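Good morning, and thank you for the time.

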Amino acid sequence: MEILQLCGVGILSAVICLILRKFSSEAAFFVSAASAVIIFAMVISMLVPTINAVKSLSEQAGIDLALVGVLLKALAVCYITALCSEIAKDAGEGSAAVKIELGGRAAIAAISLPVFVNLAKLVTGLIR
């Protein structure tokens with residue numbers, strides 16, 4: 001029932017932020033950011049069994065663990081980028097949020113580069 005705890009933290013932080021926003025928008029932002037980090041940590045702990053299962057299945061299927069690692073790193077970049085972008089939006093910094101998202105896309109491209117290089121080598125080898 002981890003999802004109930006996660007939802008409880010989310011609802012509690014939303015209520016606290018609503019109350020604090022009347023007195024201090026800065027304090028409300030910090031509560032919102034802190035709750036986002038707590039919820040993110042809870043989500044990561046929920047995903048650990050799934051990540052282990054994916055690794056186990058890939059080993060059984062004979063899939064290179066480096067490829068699975070690239071996939072998991074790209075997924076982590078997606079989650080972290082989305083979290084940071086939303087925090088920036090909550091702070092009223094839409095421009096910073098867009099730049100964070102752009103940085104996340106660039107990071108995914110960089111992480112995925114070895115996969116594209118291997119794919120290009122494979123295709124080149126098949127053509128010759």
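This is a predicted model: local features need pLDDT of at least 70, side-chain atom pairs count only at pLDDT 80 or more; totals for chains, interfaces and linings use all residues.

**From the surface to the core**

Is Phe116 buried or exposed? Its relative accessibility is 54%, and because exposed means over 50%, Phe116 counts as exposed.

We turn now to helix 3, which runs through residues 65-90. From its first C-alpha to its last, helix 3 reaches 37 Å, close to the 38 Å expected for its 26 residues. Several of its residues are buried, among them Val68, Leu72, Val77, Leu83 and Ile87. Against what do the buried residues of helix 3 pack? They pack against helix 2 (25-61) and helix 4 (94-127). Just after helix 3, Gly92 adopts a positive phi of about 85°.

Finally, the interior. In soluble globular proteins, nonpolar side chains tend to be buried together. Here, the largest nonpolar core consists of five residues: Ala33, Ala36, Phe40, Leu83 and Ile87. Helix 2 and helix 3 each supply at least two residues of this core, and helix 2 gives the most, with three. Within this region, which residues does Ile87 contact, leaving aside its neighbours within four places in sequence? Ile87 is in contact with Phe29, Ala33 and Ala36.

Definitions and conventions: Residues are numbered from 1 along each chain as its sequence is written. Side-chain values use heavy atoms; hydrogens and water are left out. Helices (H or I, at least four residues) and strands (E, at least two) are DSSP runs, numbered from the N terminus. The expected span of a helix is 1.5 Å times one less than its number of residues. Buried means under 20% relative accessible area, exposed over 50%, partly exposed in between (1.4 Å probe, protein chains only). Contact means heavy atoms within 4.5 Å. A nonpolar core is a set of buried Ala, Val, Leu, Ile, Met, Phe, Trp, Tyr and Cys residues joined through side-chain atoms within 4.5 Å.
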